[in-house]
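Please open the model in a viewer and keep the selection panel at hand.

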Amino acid sequence: MISYVKAWEETEKANCNNRFERAIARIRAWETSKQSMVDANLSQAEQRLEKRRASVVENMKNESAEIHRIALEKVARAEARRNEELIAIEEESTRCQMEGRTPRSCLMPCFET
């Protein structure tokens, strides 16, 4: 009778261990499945972020180029205005020299004759 009890005990322990191993296998399969879904979602999110980052970087580069273009235009206009003023000054100087007078806007009255 004791041998039957021991045999039963061993069988039940083996069955318990087998159930435990199957449960562990199911848990690991579930974990692997969920982890692969999380990894796939993470990869997709990273791709979306990289696309958005590339778009933002491109927009910023375009904005920087536009600012540079506008600055160049402003510099060109300022240079043109300066050149016009220099030409006007030279013309006024030539006229004053030809007429023998000082310019009307001369700030040095001590040189007036």
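Is Glu92 buried or exposed? Glu92 is buried, because its relative accessible area is 19%, where buried means under 20% relative accessible area, exposed over 50% and partly exposed in between, with a 1.4 Å probe and protein chains only.

The model is predicted: local features need pLDDT of at least 70, side-chain atom pairs count only at pLDDT 80 or more, and totals for chains, interfaces and linings use all residues. Residues are numbered from 1 along each chain as its sequence is written, and side-chain values use heavy atoms, with hydrogens and water left out.

Stay on Glu92 and display its surroundings. Leaving aside residues up to four places away in sequence, Glu92 touches Arg101 and Pro103 (contact means heavy atoms within 4.5 Å). Glu92 itself belongs to helix α1.

Next, select residues 2–99, the whole of α1 (helices are DSSP runs of H or I with at least four residues, strands runs of E with at least two, numbered from the N terminus). This helix of 98 residues reaches 142 Å from its first C-alpha to its last, close to the 146 Å expected at 1.5 Å a residue, the expected span being 1.5 Å times one less than the number of residues.

Move on to Gly100, which follows α1 and has a positive phi, near 70°.

Finally, show the cysteines. Cys16 is partly exposed, at 42% relative accessible area, whereas Cys96 is buried, at 4%. The disulfide count is zero, a disulfide being a pair of cysteine sulfur atoms within 2.5 Å.
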